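Please examine the sequence and the three-dimensional model shown here.

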Amino acid sequence: MEIGQIYALFQECSGVTTDSRRCGPGLMFFALKGERFDGNEFVRTALEQGCSYAVMDDAARADAADSRMILVDNVLDTLQQLAAFHRRQLGTPVIGITGTNGKTTTKELTAAVMSSTFNILYTQGNLNNSIGVPLTVLGFRPEHDYAIVEMGASHPGDIDELVRVSQPDCGLITNVGKAHLLGFGSFDGVKKTKGELYDWLRSHGGFAFLNRDNAHLVEMSAGLPVLEYGRPGSEGLLVEGEVLECNPYVKFRWRREKGPWHTVQTSLIGAYNVDNALAAITVGMHFGVKEDDASRAISDFRPQNNRSQLTVTGSNSLVVDAYNANPTSMMAALENFSMMKADAKMLILGDMRELGEASGLEHRKIVEAIREFGFDDVWLVGDEFAKAAAGMPYRLFENVDMVNEELKLNKVEGKTILIKGSNSIGLTKTLTNL
């Protein structure tokens with residue numbers, strides 16, 4: 001069956017699903033396969049639960065007499081092709097966002113700013129991969145003025161795959177840093193892969209929103225039309241802004257093209273989030289959002305999912321940034337925490353995963369930064385930190401379960417604690433004991 005024919009059937013449906021537990025009347029089920037599951041096994045169940053059609057690629061399970069079963073060569077490829085086809089039919093303007101750090105927060109902030117004026121569709125949560133992006137694109141509807149699509153990557157070619165599905169008209173890269181080096185091979189591999197967004201925009205007449213202060217992005221964007229933002233001091237910026245306070249929430253001011261200053265009190269932890277806010281504001285300014293509406297949107301935004309959140313318990317104040325970690329984001333978190341005005345600071349840091357051969361060196365750099373910033377109440381979790389901090393006066397834990405055992409035996413109280421590590425370390429499991 002040609003993709004146009006599948007699209008005609010898709011238009012009869014109320015939506016799509018890839019989860020056999022979330023099937024219902026009017027949906028089109030895509031029987032995806034993974035290392036530990038095969039959606040083809042659930043095709044009949046999906047149809048029995050009311051799905052109008054099921055896209056599958058296991059001929060042995062297909063029933064030629066059942067017109068609701070759509071047999072294809074590869075379900076994931078078909079999902080992506082269908083999304084790209086849908087993108088072309090609707091023509092919804094798409095803003096693409098990627099980057100090593102801050103892309104989800106920037107996407108959420110940009111959605112908040114744009115939603116103050118327009119009907120926006122944007123990536124939910126972190127559905128930014130080869131499955132999540134086409135699912136987002138298939139959610140485009142004629143009533144949407146703009147779409148904001150977040151794109152993640154852990155291997156070369158990942159962004160190229162996702163821009164071919166989402167086909168952005170413009171976009172931004174928040175930054176490039178040392179993350180997923182095991183998959184990318186090197187920092188140059190990170191830059192090349194993230195730069196695939198710029199490559200798409202160059203070849204399709206698009207433009208980018210650019211942080212003028214990021215030398216890597218300036219270099220990577222050569223030859224691409226850009227709208228720039230950054231800290232005061234540069235000419236030609238559409239938006240400029242600077243940090244005023246971080247105690248603990250960020251307060252900053254910004255202005256458009258040397259106009260009046262706007263002061264914004266946020267609920268964000270971390271001076272690095274000012275760049276994310278400026279990116280969102282710059283997008284809004286280009287598309288016609290009023291300045292006061294943009295400021296209000298940033299001020300009203302509340303972070304979620306353990307991204308730069310401040311949690312005050314009955315015993316401690318917790319700066320929770322445990323969604324993920326890499327050398328760039330870890331260093332930025334330590335620097336910001338060092339600037340916060342708080343007594344009795346404490347660190348609970350977990351290993352940074354997927355760094356490959358660079359892991360040992362990068363963990364040693366973090367341990368050295370901890371020493372230079374003067375932190376002395378430090379708990380480090382994981383094998384990599386154990387090796388990097390051997391002989392240092394820090395407490396070392398093999399895993400988060402050992403941390404929780406210690407917290408139950410010796411309650412920690414009266415501290416301001418930075419909690420950061422790769423999500424797989426599980427540091428959020430400590431929150432109930434803090």
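The model is predicted, so local features need pLDDT of at least 70 and side-chain atom pairs count only at pLDDT 80 or more, while totals for chains, interfaces and linings use all residues. Residues are numbered from 1 along each chain as its sequence is written, and side-chain values use heavy atoms, with hydrogens and water left out.

The interior is described first. A nonpolar core is a set of buried Ala, Val, Leu, Ile, Met, Phe, Trp, Tyr and Cys residues joined through side-chain atoms within 4.5 Å; buried means under 20% relative accessible area, exposed over 50%, and partly exposed in between, with a 1.4 Å probe and protein chains only. The largest such core has 69 residues, and Met28, Leu334, Leu347, Leu349, Ile370 and Leu380 touch the most other members. Helix H3 (residues 75-90) contributes the most to this core, with five residues; helices (H or I, at least four residues) and strands (E, at least two) are DSSP runs, numbered from the N terminus. Leaving out residues up to four places away in sequence, Leu347 touches Leu334, Phe337, Ile370, Phe375, Asp377, Val378, Trp379 and Leu418, where contact means heavy atoms within 4.5 Å. A second, separate core comprises 36 residues, among them Phe209, Tyr229, Val250 and Ala279.

Charged side chains form another set of links. The whole structure holds 25 salt bridges, each defined as a side-chain nitrogen of Lys or Arg within 4 Å of a carboxyl oxygen of Asp or Glu. One of them joins Lys33 and Asp57 at 3.6 Å, N to O. Lys33 lies in the loop between strand E2 (27-30) and helix H2 (43-48), and Asp57 in the loop between strand E3 (53-56) and strand E4 (69-71), so this pair ties together parts that are 24 residues apart in sequence. Asp57 counts as buried, at 16% relative accessibility.

Asp169 and Arg87 meet in a salt bridge of 2.9 Å, N to O. This pair links distant parts of the chain, 82 residues apart: Asp169 is in the loop between helix H6 (158-166) and strand E8 (170-173), and Arg87 is in helix H3. Asp169 is partly exposed at 36% relative accessibility, whereas Arg87 is buried at 6%.

A salt bridge of 2.4 Å, N to O, connects Arg212 and Glu228. Because Arg212 lies in the loop between strand E9 (207-211) and helix H10 (215-220) and Glu228 in strand E10 (residues 226-230), the pair ties together parts 16 residues apart in sequence. Arg212 is partly exposed at 26% relative accessibility, and Glu228 is buried at 15%. Elsewhere, Asp19, Arg21 and Arg22 are linked in a network of salt bridges.

Arg22 also belongs to the lining of the second largest pocket, where Val16, Thr17, Thr18, Arg22 and Leu135 are the nearest to the centre among 13 lining residues. A pocket is an open set of points on a 1 Å grid over the protein atoms alone, where a 1.4 Å probe fits, with protein on both sides within 12 Å along at least five of seven lines; lining residues have an atom within 4 Å of a point. The volume of the second largest pocket is about 260 Å³, taken as the space filled by probe spheres set on the points, which are joined across faces, edges and corners. Strand E1 (residues 15-17) gives the most to this lining, with three residues.

Gly15 is found in strand E1 and is buried, with a relative accessible area of 10%. Apart from neighbours within four places in sequence, Gly15 is in contact with Gly26, Leu27, Met28 and Arg141.
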